[in-house]
Amino acid sequence: MNLEEYFTRTGYKGSLEKRDLDTLTAIFQHHIRAVPFENLSIHCGETITLDLAQVYSKIVKRRRGGWCMENNQLLSWVLKSLGYNTTILGAYVYNPQLNVYATHMTHLIVKVVMEGRAYIVDAGFGVSYQMWQPMELISGKDQPQTPGIFRFTEDNGVWYYEKIRRKQYIPNQSFSNSDLLEKRDRRNIYLFSLDPRKVEDFQFQCSYLQTSPESLFTQKSICTLQTADGFRALIGWTLSETTYNYKEDIDRVEFATLTDEEVEKTLLEKFSIRLENKLVPVNIKGIYTI
């Protein structure tokens with residue numbers, strides 16, 4: 001494991017001399033545009049592990065992606081190695097269908113403190129809920145970014161993370177009622193506390209999410225990647241490509257349905273992923289929106 005190899009993977013060639021917000025943002029943005037948020041291992045007969053060396057090998061050497069426990073653990077190691085003050089936190093993801101937050105701490109995020117200010121760095125949520133810049137940990141302040149307006153709200157030590165989104169234009173109207181489309185303008189994403197966590201605290205969740213029939217990640221094969229002007233996502237056989245703010249306050253979302261043969265080709269061409277084992281795409285309706 002070494003930083004030079006990691007930065008080759010993400011394509012970052014900027015300065016590392018300063019531990020400031022600009023450098024942190026640049027490192028972060030290179031990560032989310034090079035490393036997909038994906039759970040394909042589950043649908044390839046592979047096991048996802050929390051061991052950092054194996055995470056590094058998967059993402060850096062084999063040029064795969066990962067979910068939050070992989071992406072954010074690796075990014076935390078990178079930032080800590082560079083001298084940033086980092087802390088792992090645990091979050092509880094919002095379920096829009098049930099209108100409740102999860103009872104299990106299933107989402108790993110990173111807090112970074114510098115120059116007397118705290119920021120949340122999360123490279124592991126994907127699709128339109130993926131922040132593009134570290135977010136200052138301040139309650140009630142709108143933080144506009146290219147994907148939309150993000151906001152933290154604190155109540156009795158619990159922090160709530162939400163997004164206000166734009167309207168969507170779908171050229172292919174046969175997908176206008178797709179269950180993958182988020183219909184609400186404002187969306188809760190997750191809640192968290194500032195209690196420090198260890199990677200080991202996520203061991204049960206890591207096993208549960210890749211084995212339980214009730215888990216989102218066993219019900220859908222997911223691969224998403226942020227781009228220069230939006231993001232693309234492959235959910236089961238459905239490919240979507242979103243362009244943020246292509247017209248004033250409107251995001252353009254294009255859909256296509258792929259064949260089994262096209263899925264593997266698309267993973268390579270659109271996400272730069274070459275799988276070692278056979279993927280069995282899955283997309284049980286509901287649960288997940290882009």
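Me: A salt bridge is a side-chain nitrogen of Lys or Arg within 4 Å of a carboxyl oxygen of Asp or Glu. How many salt bridges does a search of the whole structure find?

Reply: This is a predicted model, in which local features need pLDDT of at least 70 and side-chain atom pairs count only at pLDDT 80 or more, while totals for chains, interfaces and linings use all residues. Residues are numbered from 1 along each chain as its sequence is written, and side-chain values use heavy atoms, with hydrogens and water left out. For the whole structure, the number of salt bridges found is 16.

Me: Which side chain meets that of Glu276 in a salt bridge?

Reply: The N to O distance between Glu276 and its partner Arg62 is 3.2 Å. This pair links distant parts of the chain, 214 residues apart: Glu276 is in the segment after helix H7 (260-271), and Arg62 is in the loop between H3 and H4. Helices (H or I, at least four residues) and strands (E, at least two) are DSSP runs, numbered from the N terminus. The side chain that meets Glu276 is that of Arg62.

Me: At what relative accessibility does Arg62 count as partly exposed?

Reply: Buried means under 20% relative accessible area, exposed over 50%, and partly exposed in between (1.4 Å probe, protein chains only). Glu276 has a relative accessible area of 56%, so this residue is exposed. Arg62 counts as partly exposed because its relative accessibility is 34%.

Me: With which residue does Arg151 form a salt bridge whose closest N and O atoms are 2.2 Å apart?

Reply: Arg151 and Glu162 form this salt bridge. The two residues, 11 apart, link distant parts of the chain, with Arg151 in strand E8 (residues 148-155) and Glu162 in strand E9 (residues 158-164). Both Arg151 and Glu162 are buried. The partner of Arg151 at 2.2 Å is Glu162.

Me: Why does Arg187 count as buried?

Reply: Arg187 forms a salt bridge with Glu182, with 3.0 Å between the closest N and O atoms. Glu182 is buried, at a relative accessible area of 5%. Arg187 counts as buried because its relative accessibility is 7%.

Me: Which strand pairs with E7 in the antiparallel sense over four bridges?

Reply: Two strands pair if DSSP finds at least two bridges between them. Strands of a sheet pair through backbone hydrogen bonds, either parallel or antiparallel. E7 forms a hairpin with E8, with two residues between them, and Gln143 stands opposite Phe150 in E8. The antiparallel partner of E7 over four bridges is E8.

Me: Along E7, which side chains point to one face and are buried?

Reply: The side chains of E7 alternate along the strand.

Me: Which strands are the edge strands of the open sheet?

Reply: Six strands form this open sheet in the order E1-E12-E13-E14-E15-E10, with mixed pairing. Each edge strand pairs on one side only. Within the sheet, strand E12 (residues 222-226) and strand E13 (residues 230-235) pair in the antiparallel sense over five bridges. The edge strands are strand E1 (37-38) and strand E10 (167-169).

Me: What is the volume of the largest pocket?

Reply: On a 1 Å grid over the protein atoms alone, a pocket is an open set of points where a 1.4 Å probe fits, with protein on both sides within 12 Å along at least five of seven lines; lining residues have an atom within 4 Å of a point. Grid points are joined across faces, edges and corners, and a volume is the space filled by probe spheres set on the points. For the largest pocket, the volume is about 820 Å³.

Me: Which strand gives the most to the lining of the second largest pocket?

Reply: The second largest pocket holds about 180 Å³ of space. Helix H2 (21-34), strand E6 (135-136) and strand E7 (142-145) each supply at least two residues of the lining. With four residues, the strand that gives the most is E7.
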